[in-house]
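Hi,

Here is the structure I promised to send over. Have a look at it first, and then read on for what turned up.

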Amino acid sequence: GSGRSGTTLLAKMIDSSPDVFYRHEPDATNRNSEIPYLPARQDLDKYIEMASKYLLDLLHQRDPKTCGSQPMFKKSFRGCFGNTAHKSAAMLSKFLSKAKLSIDTPDFTRVGATPIYLIKSVNSLCRAELFLRSNTNLRILHIVRHPSAVRASQLRGIAEGVMKEEIYINPLFDAEMTDSFPFTRDEVMKKTLAQQGAYTWMAQNEFVHKSIGEDERYKLVCYEELCMNFNEQAKSIFEFLNIPWSAQTNEYVSQLLNIESGNDSYFSTHKNLTGSLYTWRNRLPEEDIASIEEMIKLSNIGAKVLEVEKAS
């Protein structure tokens, strides 16, 4: 998914499985600029071999950011000692990283173990089709969230100094991801930042959904639907991924469902699932919300999000 769309909540829910080996945004620390972030569809074939190797590299990325995401769960492929050792090593690695000392976290995986690898990314959304073509065993979960919520969250992050105002219009047009919409490059560049952000959201998510939406290895997840029907949605996702529903996952999902107030820090997932779902309605100017919704209704993915909002 894109930033601020609920990727961490979704990833941590899946990571709660004892059989899942989680890599948190490994493409943020192991970047590959040779593979375009917004590849044109006609160019995909020439990057497939490179993408296949890059995916394998990401599975073995062990820097502090990739391995230190909280909460950390017990894993069946490590055993008691391995779980304790991995957690301690990950915490030490994150502590040392604050002093600009970077050490990798050992995996402590048992010999012969075959965990299910999970990669969470907010950088490689538009590489989804390329990755699917490069690995037949891959499954893609594509999460989308109402762009007004995304915009409100971004503005909060900018105010707190943890986010930057980054909107990339030109690359979208250069990669021909905008042909479905009735705006020229100059027209989009003259719109408000809220509208430009909505356009970017629409173009990227529609491109991904349109290009691989019919593939049986792809599943679209709407953040609002996930939060409103968390237990049901979670079980559907586990079924799609062929991951057994465990007691540990059941306990974690129950904890999430019973959070009343939670942690209000910017990157926390420990918060009431439905309580803050539509707080953006009070944080964004009405004219921004109206212009965002007017923009995204031009796309199928936008119509889906608006339908979910109306139903809730």
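The crossing of helices α7 and α15 is right-handed. Keep in mind that this is a predicted model. As for the geometry, the two axes, of α7 (residues 147–159) and of α15 (residues 286–296), approach to within 9 Å and cross at roughly 135 degrees. Angles from 65 to 115 degrees would be roughly perpendicular and those over 145 roughly antiparallel, so α7 and α15 count as oblique to each other.

Beyond residues up to four places away in sequence, S148 touches W280, L284, I289 and I292.

Now to the nonpolar cores. The largest one has 62 residues, and M13, I14 and L226 have the most contacts inside it. Helix α10 (residues 193–212) gives the most to this core, contributing nine residues. If you centre the view on M13, you will find it in contact with L226, F230, A234, I237, F238, T249, Y252 and V253, leaving aside neighbours within four places in sequence. There is also a second, separate core of nine residues, with Y47, A51, L130 and F131 among them.

Best wishes

Methods: Residues numbered from 1 in each chain as written. Predicted model: local features only at pLDDT ≥ 70, side-chain atom pairs only at ≥ 80, totals over all residues. Heavy atoms only, no water. Helix = DSSP H or I, 4+ residues; strand = E, 2+ residues; numbered from the N terminus. Contact = heavy atoms within 4.5 Å. Axes fitted to C-alpha atoms, helices over the stretch in contact; angles between N-to-C directions. Parallel < 35°, antiparallel > 145°, perpendicular 65-115°, else oblique. Left-handed = near helix turned anticlockwise from the far one by under 90°. Core = buried A, V, L, I, M, F, W, Y, C linked by side-chain atoms within 4.5 Å. Buried < 20%, exposed > 50% of the residue type's maximum accessible area, 1.4 Å probe, protein only.
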